[in-house]
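Please read this briefing with the structure open beside it. The points are grouped by topic.

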Amino acid sequence: MTSAQPQAQPVTLTLPSDRELRIERVFNAPRDRVFAAYTEPALIPQWWGAETVVEEMDVRTGGSWRFVAHYPNGYDAAFRGTYRQVTPPERIVQTFEIEGMGSTHVETITFEDLGERTRLTVTSLFDTTEQRDNIVTSGAERGATETYARLEALLASLPGS
């Protein structure tokens, strides 16, 4: 059996400091396409998971965002933040909060141009080591792997792929 499908790329999770979590993955799509998947409200529900609704998404420095994920078990989770820096198609710096959890961290998302591929790096800076470790032990690597598999499938389905 032959397959024209590219191999799934692994997700790499590292802890660069006592308050940071870094997740990296290479996507088989050009940087502009990966950046668009992160910044176009119509594309977010197709890869974020659960049944995500984009309630607000003003992608500009100083703008804000809010998504609500509706899970099959009836649980809803709301996420929100503010865009601190948006530099298309290279970088986004944003705050990230899971509403009701009492903590916010800062995410720096970089989109490295590798020609027809893109290295996505998300570095999260938490206020404390405990906050970071809670995210890591709650399944961050598994969640990123599943989320980025959906993103890869979306990228492959977009026009021009």
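## Loops and backbone

P89 sits in the loop between β5 and β6; helices (H or I, at least four residues) and strands (E, at least two) are DSSP runs, numbered from the N terminus. This is a predicted model, in which local features need pLDDT of at least 70 and side-chain atom pairs count only at pLDDT 80 or more, while totals for chains, interfaces and linings use all residues. Residues are numbered from 1 along each chain as its sequence is written, and side-chain values use heavy atoms, with hydrogens and water left out.

- P88 and P89 are joined by a cis peptide bond, with omega at about -15 degrees.
- A50 belongs to the loop between α1 and β3 (51-57).
- Although A50 is not a glycine, its phi is positive, at about 45 degrees.
- A50 is partly exposed, because its relative accessibility is 38% (buried means under 20% relative accessible area, exposed over 50%, and partly exposed in between, with a 1.4 Å probe and protein chains only).

## The pair of helices α1 and α3

- Two packed helices are described by the angle between their axes and the distance between the axes.
- The axes of helix α1 (residues 31-39) and helix α3 come within 11 Å of each other and cross at roughly 120 degrees. Axes here are lines fitted to C-alpha atoms, for helices over the stretch in contact, and angles run from 0 to 180 degrees between N-to-C directions.
- The crossing of α1 and α3 is right-handed. A crossing is left-handed if the near helix is turned anticlockwise from the far one by less than a right angle, and right-handed if clockwise.
- On the α1 side, R33, V34, A37 and Y38 take part, and they meet Y148, L151, L154 and L155 of α3 (contact means heavy atoms within 4.5 Å).
- The residues of this contact divide into seven nonpolar, no polar and one charged. Ala, Val, Leu, Ile, Met, Phe, Trp, Tyr, Cys and Pro count as nonpolar, Asp, Glu, Lys and Arg as charged, and the others, Gly among them, as polar.
- Eight of the nine residues of α1 are buried, so this helix is mostly covered. Among them are R31, F35, A36 and T39.
- A156 is part of helix α3 (residues 140-157). A156 counts as exposed because its relative accessible area is 54%.
- Between the C-alpha atoms of A156 and P72 there are 26 Å in space, and the two residues are 84 apart in sequence.

## The nonpolar core

- The largest nonpolar core has 35 residues. Such a core is a set of buried Ala, Val, Leu, Ile, Met, Phe, Trp, Tyr and Cys residues joined through side-chain atoms within 4.5 Å.
- Y38, W47, F111, L120, Y148, L151 and L155 have the most contacts inside this core.
- At least two residues each come from β2 (20-27), α1, β4 (64-70), β5 (76-87), β6, β7 (104-113), β8 and α3.
- Helix α3 gives the largest share of this core, six residues.
- W47 lies in the loop between α1 and β3, and W47 is buried because its relative accessibility is 2%.
- Apart from residues up to four places away in sequence, W47 touches A37, Y38, T147, R150, L151 and L154.
- L155 is in contact with F27, A29, R33, V34, A37 and S161, leaving aside neighbours within four places in sequence.

## T118 and A29

- T118 is in strand β8 (residues 118-125), and A29 is in the loop between β2 and α1.
- T118 counts as buried because its relative accessibility is 0%. A29 is buried as well, because its relative accessible area is 0%.
- The T118 side chain reaches the backbone oxygen of A29 at 2.7 Å.
- Beyond neighbours within four places in sequence, the contacts of T118 include R25, V26, F27, P30 and E112.
- T118 and R25 are 93 residues apart along the chain, and their C-alpha atoms are separated by 8.3 Å.
- With neighbours within four places in sequence left aside, A29 is in contact with V34, E116, R117, T118 and L155.
- A29 and E116 are 87 residues apart in sequence, yet 5.5 Å apart in space, C-alpha to C-alpha.

## E97 in strand β6

- E97 lies in strand β6 (residues 91-98). E97 counts as buried because its relative accessible area is 17%.

Definitions and conventions: A polar contact is a pair of N or O atoms within 3.5 Å; within protein, one must be able to donate a hydrogen and the other to accept it, and residues adjacent in sequence count only if both atoms are side-chain atoms.
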